[in-house]
Amino acid sequence: MDLRETFATNLRRLRNKRRWSQDELAFEAEISRSYLSKLEKGTYYVSIKIIGRLADKLDVEPAEFLKRPTKSGR
């Protein structure tokens with residue numbers, strides 16, 4: 001999994017954990033829903049500025065978006 005896919009997976013996970021729709025998070029982070037959707041699909045690159053906004057609205061550290069999933073069974 002490359003970092004863009006890792007970011008996309010973590011963004012979806014963190015948004016779902018808050019029980020927010022893409023529309024709600026996009027509104028809060030002041031980005032378009034279509035841009036957020038492309039970030040969650042891993043088709044767009046994200047800027048540091050947007051990572052900061054998303055982290056702020058999701059109440060997580062920016063590094064949380066780049067954490068790779070742990071391998072089960074270890």
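Predicted model: local features only at pLDDT ≥ 70, side-chain atom pairs only at ≥ 80, totals over all residues.
Local features were taken at pLDDT of at least 70 and side-chain atom pairs at pLDDT 80 or more, while totals for chains, interfaces and linings use all residues. Residues are numbered from 1 along each chain as its sequence is written, and side-chain values use heavy atoms, with hydrogens and water left out.

The largest nonpolar core comprises 17 residues. A nonpolar core is here a set of buried Ala, Val, Leu, Ile, Met, Phe, Trp, Tyr and Cys residues joined through side-chain atoms within 4.5 Å; buried denotes under 20% relative accessible area, exposed over 50%, and partly exposed in between (1.4 Å probe, protein chains only). Leu 11, Ile 31, Leu 54 and Phe 65 have the most contacts inside this core. Two or more residues each come from α1 (3-17), α2 (22-29), α3 (33-41) and α4 (48-58), and α4 contributes the most, with 5 residues. Helices (H or I, at least four residues) and strands (E, at least two) are DSSP runs numbered from the N terminus. With neighbours within four places in sequence left aside, Leu 11 is in contact (heavy atoms within 4.5 Å) with Leu 25, Leu 36, Leu 39, Glu 40, Leu 54, Leu 58 and Phe 65.

The structure contains 2 aromatic pairs. Rings of Phe, Tyr and Trp (its six-membered ring) pair if their centres lie within 6.5 Å; planes under 30 degrees apart count as stacked, over 60 as edge-to-face and the rest as tilted. Phe 7 and Phe 65 form a tilted pair, 5.1 Å centre to centre with 45° between the planes. Phe 7 belongs to helix α1 and Phe 65 to the segment after α4, 58 residues apart, and the pair thus links distant parts of the chain. Both residues, Phe 7 and Phe 65, are buried. The pair of Tyr 35 and Tyr 44 is tilted because its planes stand at 55°, with ring centres 5.9 Å apart. Tyr 44 is partly exposed, at a relative accessible area of 39%.

Two arginines are placed over rings, the criterion being NZ of Lys or CZ of Arg within 6 Å of the ring centre and within 35 degrees of the ring normal. The charged end of Arg 4 sits 4.1 Å from the ring centre of Tyr 45, and Arg 18 lies over the face of Trp 20 at 4.4 Å.

Arg 15, in helix α1, counts as buried because its relative accessibility is 9%. Its side chain makes a polar contact of 2.5 Å with that of Glu 40. A polar contact is a pair of N or O atoms within 3.5 Å; within protein, one must be able to donate a hydrogen and the other to accept it, and residues adjacent in sequence count only if both atoms are side-chain atoms. Beyond neighbours within four places in sequence, Arg 15 is in contact with Trp 20, Ser 21, Gln 22, Leu 25, Glu 40 and Leu 58.
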